Amino acid sequence: MFSKAESRQLREDFWIAFGKSYPRKWLLYKTGVKGICLKFHFDLRKAIVAMDVDGDLEQRIQRWEKIISLKSLLLDEYLPHANFEDEYFLKNGKEISRVYVELEGVSIHNKTTWQETMIFFYEKMSRLEDFFQEYEDILQN
């Protein structure tokens, strides 16, 4: 078991190492499409690369319907194992819609899983960004 300070330091060390191993500017929150952001998540049990859709309910539904209309393209050409959840609840209770891929059996507290996670993050986020950039015009309107 790690103290909060030790856990915080491990998280910081991981993200610094990831940035040094894969130096590039990711889109993440700067997609240019209101209500859509791309995210990395790494905790004690899994790693996730996600496209989150939030905002007011009407806007979220509109954006989500556009993503669903592109689902077969996303699965066939970019992320074959992506999960689609129209109702996804964050830890803070906020409801969003989410497309994501996950890697189980890794832990931010276990440095021996970091390399596998970094490769996963790089490959999957690169593919998700490729999809987003290819279909940005559709998602924007």
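1. Two strands are taken as paired if DSSP finds at least two bridges between them. Helices (H or I, at least four residues) and strands (E, at least two) are DSSP runs, numbered from the N terminus. In this sense strand S3 (residues 83-89) is joined to S4 by 5 bridges, the two running antiparallel. Asn 83 stands opposite Tyr 100 in S4. The hairpin of S3 and S4 has 5 residues between the strands, and Gly 93 takes a positive phi near 90° there.

2. On provenance: this is a predicted model, in which local features need pLDDT of at least 70 and side-chain atom pairs count only at pLDDT 80 or more, while totals for chains, interfaces and linings use all residues. Residues are numbered from 1 along each chain as its sequence is written, and side-chain values use heavy atoms, with hydrogens and water left out.

3. The largest nonpolar core comprises 38 residues, and Met 51, Ile 67 and Phe 121 have the most contacts inside it. Such a core is a set of buried Ala, Val, Leu, Ile, Met, Phe, Trp, Tyr and Cys residues joined through side-chain atoms within 4.5 Å; buried means under 20% relative accessible area, exposed over 50%, and partly exposed in between (1.4 Å probe, protein chains only). Among the elements giving two or more residues to this core are helix H1 (4-21), strand S2 (46-53) and helix H4 (114-140). H4 gives the most, with 10 residues. Apart from this core lies another, of 5 residues, among them Ile 48, Ala 50, Tyr 88 and Tyr 100.

4. With neighbours within four places in sequence left aside, the contacts of Phe 121 include Phe 14, Trp 15, Phe 18, Phe 40 and Val 49. Contact here means heavy atoms within 4.5 Å.

5. Leu 70 is found in the loop between H2 and H3. Leu 70 counts as buried because its relative accessibility is 5%. Leaving aside neighbours within four places in sequence, Leu 70 is in contact with Phe 131, Tyr 135, Ile 138 and Leu 139. Leu 70 and Val 99 lie 29 residues apart in sequence and 12 Å apart in space, C-alpha to C-alpha.

6. The largest pocket is lined by 16 residues, of which His 41, Tyr 88, Leu 90, Lys 91 and Arg 98 lie nearest its centre. A pocket is an open set of points on a 1 Å grid over the protein atoms alone, where a 1.4 Å probe fits, with protein on both sides within 12 Å along at least five of seven lines; lining residues have an atom within 4 Å of a point. S1 gives the most to this lining, with 4 residues.
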